[in-house]
Amino acid sequence: MFNAIVSADTLGTALDSVSVLVEECKLRLEDDGLEIRAVDPANVGMVDLTLSAAAFESYETDGGVIGVNLSRLQDIAGMADSDQLIHLELDEETRKLEIAIDGLEYTLALIDPDSIRQEPDLPDLDLASEIVLEGRDVDRAVTASDMVSDHVALGVDDTDELFYVDAEGDTDDVHLELGREDLIDLTAGPARSLFSLDYLKDMNKAIPNDAEVRMELGEEFPVKMHFDIAEGQGSVTYMLAPRVQSD
Amino acid sequence: MFNAIVSADTLGTALDSVSVLVEECKLRLEDDGLEIRAVDPANVGMVDLTLSAAAFESYETDGGVIGVNLSRLQDIAGMADSDQLIHLELDEETRKLEIAIDGLEYTLALIDPDSIRQEPDLPDLDLASEIVLEGRDVDRAVTASDMVSDHVALGVDDTDELFYVDAEGDTDDVHLELGREDLIDLTAGPARSLFSLDYLKDMNKAIPNDAEVRMELGEEFPVKMHFDIAEGQGSVTYMLAPRVQSD
Amino acid sequence: MFNAIVSADTLGTALDSVSVLVEECKLRLEDDGLEIRAVDPANVGMVDLTLSAAAFESYETDGGVIGVNLSRLQDIAGMADSDQLIHLELDEETRKLEIAIDGLEYTLALIDPDSIRQEPDLPDLDLASEIVLEGRDVDRAVTASDMVSDHVALGVDDTDELFYVDAEGDTDDVHLELGREDLIDLTAGPARSLFSLDYLKDMNKAIPNDAEVRMELGEEFPVKMHFDIAEGQGSVTYMLAPRVQSD
C-alpha cells in the first residue's frame, strides 16, 4: 500500500537529483519516507536520496519497492504548477501508480524492480577533509573547469587551510581557491583526487545555487557531496569515484 | 478598396489562430469585418475566424477577397510591439498589400485567391452536448494526453453530468474528469468521439489559457470549439473531424 | 606589463562588438586604454574599438600587443555576473593572460599577434551625409530588410531631407523613411549605397537599442557607424564596404 500527497516542487526536485545519473530507479517505500539509491551504468557515480514522510502533505505505506521510469514521472510532475499537490497511489491489483493532479489522472505503468540495476551500497569512507560550501561555488568551479578540460582535481591544502579546484587543459588552465573565509566550514586534511567533469556537471545540475553542500574528500578517493532538499525534509548524497591520476 | 488600422496584438492573435492549420488563406473583406475560413490539406481540421470592424482602429473596404501567406504576414506583424498600430492598405493597381508600422513600409505580394484551397463550409451540426470550459483545462487535457497517445477520446457522461478526456497509451493512460463545479457551463447529452492529438495540439496552441471555450460534442461526430479573441470583437471556431474508434 | 580591473559588463560589451566580425584579434595596450582594430576575412567589414583607461576600475600598462581568441575570452567574462569585476594581468614570462573573477583564476594562452590578420586602416572618408539615429531604428531597418532580401540600400534624400532604407526582394519590398523629426540629427547630402545584410545583421547585434548611432553615408561609398559603449568611456566604429549596385 502506498498513498501520498506531495507538492510538485518537492517531487520534481527529488526526481531531478536522481535522473541526472540514471533513467530508471527503484523507489523504496519506507515507513518514514521515500528512499532511492542508484548507480550509473558505468559504476562511477552514485546517488542516495531520502525524502522523509514530513516532506509530504500526507504519506502512508506498508512498505515495498516499486520501479519507475524517471523521465516519465518528471514529465507528469512537470504538468503541475510548482505549488500544486500531486496525489500518488499504488494500485495493488494492476501494479500501476495512479497519479492525480487537480482532476487529472495519470496511470503510470511500473517497471519490474528486478529488471532495474541493483542498488549500490554507498560505503562509509573515512575521508580526511570536509568542506562545506555554497552550491554556487560548486557551479562556478565545474562550469569554469569544463571550459578547459574534461577532468578536474579537487583538493585541500591543509597547511594553508584552503580548498582548491585545478583543471588543466591543453592550453588554458583554471584554478579556484576558497579559504576559510570563503567557505561555510572546513576540516582540513590531506586530500586531492581527480574526477570526471561529465559526472560533476550532471550532479551540479541538481545542486541548487543556494544549497549548503558538504563535501568529503580524500587522497585518490571518491568524493561525497551532501545537500538538503525540500526545506531540510529530504537529503541527497552523491558519490563519485576518482579517475586515475594521469600526471 | 481596403484600408484598415489594427493593433499588432489583435492582428497577431487572429493570424495565429489560422496559421496552426494552413500556410496560405483567403482574407474575405466584408463590410463588417474580416473573415477567414480554411481547412487543412487533409480535410480534418477547419477554422472559421471573424474579426469585426470594431476590433480595428479604423476599417474601410468595398469588399473583395485577397490571398495571403500567413507566416510572412505573421513575421511582419511580429516586427511591431504588441500595442503598436499596423496600417494595412490594398494597392489596387499592383494588387499588393502595403503594410506600415511607424514609418516602416512593407509591400507584401498577394497570392491569387483562386490558387488557394477552397474555403470549407462549417456544417451546422446538432450536437448533444455543450461544454464551456477554460482554455487552461483544454491545455492540460491535450498536453497530458499527448504524453501517452496520439489520439484522445472526448466525451460527456450524461448520467453523472461530467465532461471527460480519455487517452489510452500502450502502457500508460490519462483520464481527466471535469464536473459541473469545474466547468463554466454544461449541457449534458450522450457524447463520445475520438480525435487526433496532432490537430488538437495545433488548435490548443491558439487557445489562450484564460479563454472561455465553448465545445460542442456528439457521438462519433466532429467537435466544435468556439472562443473569442480581440476582447470579444473577434471569434474563432475550430471544427475537427473524428477518428474512427479503433477499440 | 598589463594589469587592469574592469566590470564584466564593460568587458563583455567591448568583446561582443568585435566578435561579430572576427574570431581572433590583437589587443593593443595603449597608455590611455585598449584598442582593437579588425577586419573580417573577406575584407568587407571593419571595426575600430577603443576602451579608455577611464572605463576600467584600474588600468596599468607599459604598452604592447597581445593576440586573443575572442569567443574564449567572452566565455570567461560570461562566467561573471554583469556587475562583477574581472582582473586581467599579463604574465610576462609565460605570455599568458591571468584572468581572475572573485577567487577563480583562468590562465588564457595568448595567440602570437603575428599570426593574426593585419589590422586595417579605417580610411578617412569625406562622406556627404551624416545621420544620427537610435539603435532601435537601425535594428528595425535591418530586421525588416532581412525578411525580403540579402542586401539593402541606405540613402539620403537631400531635397526632402530624409534618411531611407530600401530592400527589394523577389516579391516583397521593405521601405523605411525617417525624416528630421524621427532622427536625432541629419546632415543631408547626396548619398545612396548598397550593402550586404549579412554584415549589417552582425553589426546590428552589437548595437544597443538605446545607443545613439552616427552614420556617415555617401554615394557608392562605405558606410561608417559610430556609437559609444561603457557609458561613453568607449567607442565603436564599424565600416562596411558597399556592394556593387546591380540594378
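Modeller: Axes are lines fitted to C-alpha atoms, for helices over the stretch in contact, and angles run from 0 to 180 degrees between N-to-C directions. Helices (H or I, at least four residues) and strands (E, at least two) are DSSP runs, numbered from the N terminus. This is a predicted model, where local features need pLDDT of at least 70, side-chain atom pairs count only at pLDDT 80 or more, and totals for chains, interfaces and linings use all residues. Residues are numbered from 1 along each chain as its sequence is written, and chains are lettered from A; side-chain values use heavy atoms, without hydrogens and water.

Biologist: At what angle do α1 and α2 of chain A pack?

Modeller: Helix α1(A) (residues 8-19) and helix α2(A) (residues 70-78) pack at about 155 degrees, and their axes are 10 Å apart. Therefore α1(A) is roughly antiparallel to α2(A), a term for angles over 145 degrees.

Biologist: Which residues make the contact?

Modeller: Among them are Leu11(A) and Leu15(A) of α1(A), and Leu70(A) and Leu73(A) of α2(A). Contact means heavy atoms within 4.5 Å.

Biologist: Now chain B. What is the order of the strands in the open sheet?

Modeller: Nine strands of chain B follow the order β6-β2-β3-β4-β18-β17-β16-β10-β14, with antiparallel pairing. Two strands pair if DSSP finds at least two bridges between them. The edge strands, β6(B) (64-69) and β14(B) (185-187), each pair on one side only.

Biologist: How many bridges join β10(B) to β14(B)?

Modeller: Three bridges join these antiparallel strands. Ile131(B) stands opposite Leu186(B) in β14(B).

Conventions: Parallel < 35°, antiparallel > 145°, perpendicular 65-115°, else oblique.
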